[in-house]
2 protein chains.
Amino acid sequence: VRIFLAEKGIEVPTVQVDLGAGEHLTDAFRAVNPHCTVPVLQLDDGVSIFESTAICQYLEEAHPEPNLMGRDAEERAVIASWHRHVETDGFLAVAECLRNNSKRLQGRASTGPDNIDQIPDLSERGRKRAKAFLARMGRRLDTQPYVAVDRYTIADILLLITVDFAKWIKEDIPEQFSGMHRWHEEASARPGSVE
Amino acid sequence: VRIFLAEKGIEVPTVQVDLGAGEHLTDAFRAVNPHCTVPVLQLDDGVSIFESTAICQYLEEAHPEPNLMGRDAEERAVIASWHRHVETDGFLAVAECLRNNSKRLQGRASTGPDNIDQIPDLSERGRKRAKAFLARMGRRLDTQPYVAVDRYTIADILLLITVDFAKWIKEDIPEQFSGMHRWHEEASARPGSVE
């Protein structure tokens, strides 16, 4: 959402939630988002939008340019297909590996209100899935410039996040995929993508 | 997608893919969807839309009535928030339990092109998450008639699927949640929801 806002060139007032201190599990935060996840977009009428993709969808409608989610029904569906693929097979695989291994996340293997025990085998499985995903995207980006369509979209933003997130589990784009390395360099130089 | 089409009252030509025979893993199917998942919507220009939500989004734009995904930006974002919540915390929890346990799915613990080993602990964890999710939705549906907004939407369709899917792992709506039982009865009587 932060990168999405930067690409749009818009600013919204933000409140940092201290996850390390468990602020997302307090009653005060549950009143904003009972699912205890960040980010949340609070609208002026008090309604909470509480999934990143739903927040981006709202922002895209409120600020259509630059377009990041598709200009017509077909483009929107193609971009949504790839965005969800990157999420399921990429981002969530890395998260699965990290959350089921990290000492800091013991008992917090999933986001949300419930405490969930780690499963070491799942961490390893997540790593395998992440490796396979990175190779698959590497093959794709050898033959085309962006993830979903012929320009930078929300699917590229999520892949950028996934590649940088994968460094936390010491995985990276395999060396031979020069197209994906080129893509990553370009994506990293865009608005909002500074660490 | 089948229920979504029925709610819209539209028909599209369909081709059944025999998952039991591994037809989704053949080269012929990979040419349609390299991710080897169903359903896929093939457009007239040959483009494949390959995630259920992306397919529904396309159908919603092509056939706006009856509205199932929101009438304005705020409604669309609220419905998308709940839809994704039901998917992540409900549908995927049940799938996690079933896919990591079923004898028929040995080596196929995830959808997609790669063979993934089952993890029995993950099956148990999925069951715990599914139980917690059903209770949480039960509490919600005690105080409001539908999942996301004041009418039946795609979020309700996914909850209906999740509740019926949960029967495969022998979980059900806890008895005390009469609101959710009432909701399930009504949802089950709607178009497309026959077994």
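Reader: What makes B:Arg190 count as lying over the face of B:Tyr152?

Author: A charge sits over a ring if NZ of Lys or CZ of Arg is within 6 Å of the ring centre and within 35 degrees of the ring normal. B:Arg190 lies over the face of B:Tyr152, at 3.8 Å from the ring centre. In chain A, A:Arg190 lies over A:Tyr152, also at 3.8 Å from the ring centre. Keep in mind that this is a predicted model, where local features need pLDDT of at least 70 and side-chain atom pairs count only at pLDDT 80 or more, while totals for chains, interfaces and linings use all residues. Residues are numbered from 1 along each chain as written, chains are lettered from A, and side-chain values use heavy atoms, without hydrogens and water.

Reader: Why is the pair of A:Phe50 and B:Trp82 called edge-to-face?

Author: Rings of Phe, Tyr and Trp (its six-membered ring) pair if their centres lie within 6.5 Å, with planes under 30 degrees apart stacked, over 60 edge-to-face and the rest tilted. Here the centres are 5.3 Å apart and the planes stand at 90°, so the pair is edge-to-face. It crosses between chains, with B:Trp82 in helix H4 of chain B.

Reader: Why is A:Asp121 called exposed?

Author: Buried means under 20% relative accessible area, exposed over 50%, partly exposed in between (1.4 Å probe, protein chains only). A:Asp121 has 53%, so the exposed label applies. By contrast, A:Phe50 and B:Trp82 are both buried.

Conventions. Helix = DSSP H or I, 4+ residues; strand = E, 2+ residues; numbered from the N terminus.
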